[in-house]
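Please walk through this structure with the text below, pair by pair and region by region.

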Amino acid sequence: MAQEAQPATTADAAEEASVQELVVTGSRIVASGVAAPTPVTVLDSTKMLQLAPAALDDVISQLPAFRNNSGPNQVQRNAGSTTTGQSIANLRGLGGARTLTLVDGRRMVPTNPSATTSTAIIPLGLVKRMEVVTGGASAAYGSDAVAGVVNFILADRLEGVRGSIYGGISEHGDNEEVGANIAFGINGAGDRLRLVVGVDYNKNWGVGNIYSRPWSAVQPGNSGNPISFGASRPAGTAAFGWANGVQFANQTPGGVINSATTLTGAASTVLNQLTFNPDGTTSPLVRGPVFGNLMINSNSNPIATPMAQWNLKQPLEQLASMARISFDVSETMTLFADVNYARSRVVTFSQHHQAAAITIRADNPFLPAGIRAQMTANNIASFNMGRVNTDWLGTSADNTYQSAQGVIGVKGSIFDKFRWDASFTHGRSTVDAQVYSTREANLSAALFAVRDSSGNVVCGPIASNPNFAPNRLTNSVQPGNVLPGCVPMNPFGVGNVTDAVRDYVSGFQPTEITMDRTVAAVNLSGPLFRLPGGNAQIAVGAEARWDGLDQVADDLQIRGLYSAGNNRSYSGRERVQEAYAEIELPILDQISLNGAIRRTNYRQSGSVTTWKVGGTLEPLEGLRLRATRSRDIRAPSLSDLFLLGGVSATGSFVNPFNGQSDRLPVQTTGNAALRPETADTFTAGITYEGHDALAGLRLSLDYYRIKVKDVIATVGATDVLARCFGGQQIYCSAITFDNSPFGIAKIFVQPFNQSLLDVEGVDAEIGYRTRLAGVGLPGEIDASMFISWLRHYRSTDLAGPGGTTLDFAGYQNSAPKQTASAFLSYHLDPITIGLQMRTFSSISYSPLFFGPGEAGYNPALSTSINKNRFEPQAMFNLNLAYDLKIAGRKVQLFGNVANLTNRNPPEFAIAAINLGGNPYDYVGRSYKFGLRFEM
């Protein structure tokens, strides 16, 4: 349905409904949105303001058609990501790369190497409305519109100044936030000259780590992967699962001894589980049940948990601005120009560095006297210890994003009926990514301390350093990666690492990424000839687009010295040429047909044709049936084609071959042979717009099915491990095994046109706005509800034998099967009260596992898990506004209570669902207060 959510006014609802015709951009042909064959949802600025948003992501996340992706409200443990903290629109759960984001129908410059654009660069104060085309729209708008289009319509005419200021805080005293937006306009030269400027600023200090909330301070689970309880688990215990008190069993912040070797080479256990205190003394580590290198139900090793450093919400600072000017050269021609600048900064934390196996010899000069005496007494030559290095920052990132874009153009009309426009756009985005991590070869060198001939403590020679033994070498731990200036490290107890050691074994690795986009476009639309139902309309146009991507990494990470990041320098270019035509044929008053075709040529990926056919039928006044069939595409991004990734060590993973858990080194690369994805989309629906006694009622129901072929997909490291372990040899070739305790040196991942996606569901919208005078009450109400049912989200991996199909509907990184948002507001001048609800059905961890209550659950099987499904929730926001006038100026005081009932996530949800797709709230009840003004 394409009905605009109207602001509360004192005008009669029926009168407004009869005179208003909303123009939307579900196609290139100007038409009433309610008559469009493609489903279009429209949300105006009044509805947006009801949420008291800091940015557009706060609005998008409330609509059921969108899935949580990578915005600031998602826990992001991958600190090396160049989209961390960006707000990427993701329709249908098909991914941000398959959702096209536009501003006034034009593409913006990408803000990250994935070729998507963060909505945070759009100033909220200038947005008039948001239009969501929830069906394939590639024929009208080009590549990436597989799931649909999000088009933000901005104000191009304002008089005076309007804006808002606000501040907020959570019930726990964190999530502190301040922000403001201002927009002003000037009209001159007899209204021929118009200038509009908008600026938004927001800063949120975020929420701390898991210890910031009681429900997460219990250290719930491993990071994104269930714990393997092993083949010898008690009867009735699932093979995998989640638990509280999950801590490292073989690594502590001060170091813990795990094994020892005597002077004769024999193994000794006398020192095992002794952990070092800050003063060098030792105490036994009391361990809970141990699985691999993790233990559960433990409270003896705080901070040494896979999730210790995570932010429940990221600190984020954002600035978005735009200036637009237009000048009427004549009654039929207007010159226009836009300038946009945006900047944001986000700081993220992943986890502390882990040193799983450090060999300490009996002659180490830092050895505390007590442990040295025990070694002497027991003839121990050396011991191996594990350490969580909390003495310096773990893997973290400080990313700054900047985007600047300019548009110049001219538009007008011919013969008072044809509309035309021509524009030239150029933009540039940069990412300054500063990833902090550990120089692992330096650390191995620093841990081998000896005394020189003068009695000074120095780093020992590499040749005799046991930490460079052949079974200890990895991609980063190599003798050639040791930098000059080694500073010996005292690893015994927290607080004994000096600043000089810290600077030697860790540091920031800078990466500069630049994305350029230049677009030249021309469009023409208007009536062709008369049909019984009205004028046949046509739109034609052409566009040329040049995209560039350059990534420059510093020499140290190119050499692969770090535990995470290790980016490479690379670049890529793409040129796109395309032309389209669209026609609207009103056969009769009740029947209209629509068709579109577009031919696109990619220099790298070849040529492709997209098309759309659709129609509407109005059998009764206000009742419309509609259907569309389209062929859509998503072209590979420059990153898909040319990426040269470094070796990054992701969070704790379990090696299924030996049950050990450790960081998993992964290296990704692009694939220049990729082809565009193609999608076949079908939508069919019914809309109703009330009249007479039902004036103000709006209904729609739409079915959709999107089949995407040649899906560009990279099998994740977890799946590579699982599938290799399951016997699919094609994935084993992507794993480099070694003789380390973890057993894996590196996994290579690369995108291929290898999969099929089949997404099917139903969307519904219900809206009603009316004055209550008819029932003898004062004021008016505005109610609307958006509902989405995801029936199937089938993914077929053609790389596996026979093509494995899994249905991810209701699982993380897809979506809950049922999602709904409802808005209810009551206005009685000068007060407006609003209640907003967001609810969703249960969401599960993985279709590869079966938990209690699910068909197929058998604790004796390796597919069993103790919890696979996480409970549904309903969350409410309360909004209050009070209108007043100060010195004749309009002022509105407003307040917002988010998560009114203070709902916490279900147990273990943060451990299972933490890489996007999280529908739960990790902050809790929060308050925001401010004022809006017009001058």
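**Charged pairs**

The side chains of lysine 612 and glutamate 582 meet in a salt bridge, with 3.8 Å from N to O. This pair links distant parts of the chain: lysine 612 belongs to strand 32 (residues 606-620) and glutamate 582 to strand 30 (residues 570-588), 30 residues apart. Lysine 612 and glutamate 582 are both buried. The model in which they are found is a predicted one.

Elsewhere, salt bridges that share partners join Arg517, Glu543, Arg545, Asp547, Glu578 and Arg598 into one network. One of the bridges is formed by arginine 545 and glutamate 543, whose closest N and O atoms are 2.8 Å apart. Arginine 545 has a relative accessible area of 3%, so it counts as buried. Glutamate 543 is buried as well, because its relative accessibility is 17% and the limit for that class is under 20%.

The count of salt bridges comes to 37. Among them is the bridge between glutamate 171 and arginine 925, where the closest N and O atoms lie 2.3 Å apart. Glutamate 171 sits in the loop between strand 8 (160-170) and strand 9 (177-188), and arginine 925 in the loop between helix 13 (909-912) and strand 49 (926-934), so this bridge ties together parts that are 754 residues apart in sequence. What is the accessibility of the two partners? Glutamate 171 is partly exposed, at 39% relative accessibility, whereas arginine 925 is buried, at 18%.

**Aromatic pairs**

The structure holds 13 aromatic pairs. Tryptophan 242 and tyrosine 845 make an edge-to-face pair, with 5.2 Å from centre to centre and 85° between the planes. Tryptophan 242 is in the loop between strand 12 (240-241) and strand 13 (247-248), while tyrosine 845 is in the loop between strand 45 (843-844) and strand 46 (869-870); the pair therefore ties together parts that are 603 residues apart in sequence. Both tryptophan 242 and tyrosine 845 are buried.

Phenylalanine 840 and tyrosine 920 also form an edge-to-face pair, at 5.3 Å centre to centre and 75° between the planes. Here too distant parts of the chain are linked: phenylalanine 840 is in strand 44 (residues 831-840) and tyrosine 920 in the loop between helix 13 and strand 49, 80 residues apart. Phenylalanine 840 is buried at 3% relative accessibility, and tyrosine 920 is buried at 4%.

Ring pairs also link Phe240, Trp242, Tyr845 and Phe849 into a cluster.

**A buried threonine and a surface patch**

Threonine 116 is located in the loop between strand 5 (106-107) and strand 6 (127-133). Is threonine 116 buried or exposed? Its relative accessibility is 9%, so threonine 116 counts as buried. The side chain of threonine 116 makes a polar contact of 3.0 Å with the side chain of asparagine 112. Apart from neighbours within four places in sequence, threonine 116 is in contact with Ile88, Gly96, Ala97, Pro110 and Thr111.

On the surface, a nonpolar patch is formed by Ile587, Leu588, Ile591, Leu593, Leu617, Leu625, Ile686, Leu701 and Trp789, which together have about 670 Å² of accessible area. Strand 30 and strand 31 (591-602) are the elements that give two or more residues to the patch. Leucine 701, one of the patch residues, is in strand 37 (residues 697-713). With 42% relative accessibility, leucine 701 counts as partly exposed.

Conventions. Residues numbered from 1 in each chain as written. Predicted model: local features only at pLDDT ≥ 70, side-chain atom pairs only at ≥ 80, totals over all residues. Heavy atoms only, no water. Salt bridge = Lys/Arg side-chain N within 4 Å of Asp/Glu carboxyl O. Helix = DSSP H or I, 4+ residues; strand = E, 2+ residues; numbered from the N terminus. Buried < 20%, exposed > 50% of the residue type's maximum accessible area, 1.4 Å probe, protein only. Polar contact = N/O pair within 3.5 Å; in protein donor to acceptor, adjacent residues only side chain to side chain. Contact = heavy atoms within 4.5 Å. Patch = residues over 30% accessible without salt bridge, like charges linked within 9 Å, V, L, I, M, F, W, Y side chains within 5 Å. Areas by Shrake-Rupley, 256 points an atom, 1.4 Å probe, with all protein chains shown as cover. Phe/Tyr/Trp six-rings, centres within 6.5 Å; stacked < 30°, edge-to-face > 60°.
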